[in-house]
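Try each task before you read its solution.

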Amino acid sequence: MFVLELSYTAPLDAVDAVLEAHVAWLDEQYAAGTFLASGRKNPRDGGVILAVAESRARIEEIVAGDPFVAAGVCAYRVTEFVATKTAPGLERYRDTLG
């Protein structure tokens, strides 16, 4: 499982100019089963995405396809973690240490 933290590197008007394309890209990732949750940070200086994928390399490939990245309006910080405890409904993403 991965936490993707977006930090805006451009003014909000530049971010908003690409927002529609970014949201369409998010929708594609949800449809593919990669993204589980996402939203803006408060204050609005970026966002957070909770994602699943078979590898960090795959997540980095997906992130590279974000229109925000192509437009140069954000930077990503990718954190991989092992979800050993989950809320009901997310059991399929649970992992065990060992």
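**Exercise 1.** List the buried residues of helix 1 and say what they pack against.

*Solution.* Start with the burial list: V15, V18, H22, W25, L26 and Q29 are the buried residues of helix 1. Buried means under 20% relative accessible area, exposed over 50%, partly exposed in between (1.4 Å probe, protein chains only). Helices (H or I, at least four residues) and strands (E, at least two) are DSSP runs, numbered from the N terminus. Next, look for partners: these buried residues pack against strand 1, strand 2, strand 3, helix 2, helix 3 and strand 4. Contact means heavy atoms within 4.5 Å.

Two notes on the model. It is predicted: local features need pLDDT of at least 70, side-chain atom pairs count only at pLDDT 80 or more, and totals for chains, interfaces and linings use all residues. Residues are numbered from 1 along each chain as its sequence is written, and side-chain values use heavy atoms, with hydrogens and water left out.

**Exercise 2.** Why does H22 count as buried, and which residues does H22 touch?

*Solution.* First, find H22 in helix 1, residues 12-31. H22 counts as buried because its relative accessibility is 6%. Then check its contacts: H22 touches L6, D66, P67, F68 and Y76, leaving out residues up to four places away in sequence.

**Exercise 3.** Sort residues of helix 2 into buried and exposed.

*Solution.* Helix 2 covers residues 56-64, and I59, I62 and V63 are buried there. Down the helix axis, the buried residues fall within an arc of 100° (taken from the directions from axis to C-beta atoms), so they line one face of helix 2. On the other side, A57 and E61 are exposed.
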